[in-house]
Amino acid sequence: EAKSPAAEAPKDSLALTAPGGVEVWYIGARAGRDSTGTTCIERAMEIRRDGTTTLIPLLYTGEAPTLANDSTLRTNLWLNCRPMRRYEVNLRTGRPVPK
């Protein structure tokens with residue numbers, strides 16, 4: 001019997017490192033389903049630095065983030081297993097801004 005993607009969601013895992021000891025981690029997940037019924041896992045992220053964590057609010061993605069520069073990451077918001085809109089996230093505040 002097949003398990004749902006949410007049941008198979010990986011534990012917290014490192015998604016990206018940035019200068020100054022900044023780490024971006026995948027945390028939590030939600031199961032997505034596209035119009036054909038295919039399922040995927042869309043991951044939430046948080047920023048970890050110097051023993052503190054900053055949640056990146058309301059931004060689930062199905063792809064690896066990339067660095068835009070030393071203080072900003074880029075990724076796409078995913079919904080229903082497909083990329084919707086590109087966002088840049090400030091690595092100090094966690095604030096996502098649509099681009």
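**Close-up 1. Strands S5 and S6 form a hairpin.** In this predicted model, two residues sit between the strands S5 and S6 of the hairpin. Strand S5 covers residues 66–69 and strand S6 covers residues 72–79. How do S5 and S6 pair, and over how many bridges? The pairing is in the antiparallel sense, over three bridges. To find your way around, look for Asn69, which stands opposite Thr72 in S6.

**Close-up 2. A disulfide joins Cys40 to Cys81.** A disulfide is a covalent bond between the sulfur atoms of two cysteines. A search of the whole structure turns up one disulfide, and here you can see its two sulfur atoms, with an S to S distance of 2.3 Å. Which parts of the chain does the pair tie together? Cys40 belongs to strand S3 (residues 39–49), while Cys81 is in the loop between S6 and strand S7 (82–90), so the bond links parts that are 41 residues apart in sequence. Is the disulfide left-handed or right-handed? The torsion about the S-S bond of Cys40 and Cys81 is about -100 degrees, so the disulfide is left-handed. Cys40 and Cys81 are both buried.

**Close-up 3. Asn80 and Cys81 lie in the loop between S6 and S7.** Most residues other than glycine have a negative phi. Asn80 has a relative accessible area of 42%, so Asn80 is partly exposed. For Cys81 the relative accessible area is 16%, and because this is under 20%, Cys81 counts as buried.

**Close-up 4. Val97 lies in strand S8.** Strand S8 runs over residues 96–98. Is Val97 buried, exposed or partly exposed? Its relative accessibility is 26%, so Val97 counts as partly exposed. Which residues does Val97 contact, leaving aside its neighbours within four places in sequence? With those neighbours set aside, Val97 is in contact with Arg86, Tyr87 and Glu88. Take Arg86 as one of these partners: Val97 and Arg86 are 11 residues apart along the chain, and 8.6 Å separates their C-alpha atoms.

Key. Residues numbered from 1 in each chain as written. Predicted model: local features only at pLDDT ≥ 70, side-chain atom pairs only at ≥ 80, totals over all residues. Heavy atoms only, no water. Pairing = 2+ DSSP bridges. Helix = DSSP H or I, 4+ residues; strand = E, 2+ residues; numbered from the N terminus. Disulfide = S-S within 2.5 Å. Buried < 20%, exposed > 50% of the residue type's maximum accessible area, 1.4 Å probe, protein only. Contact = heavy atoms within 4.5 Å.
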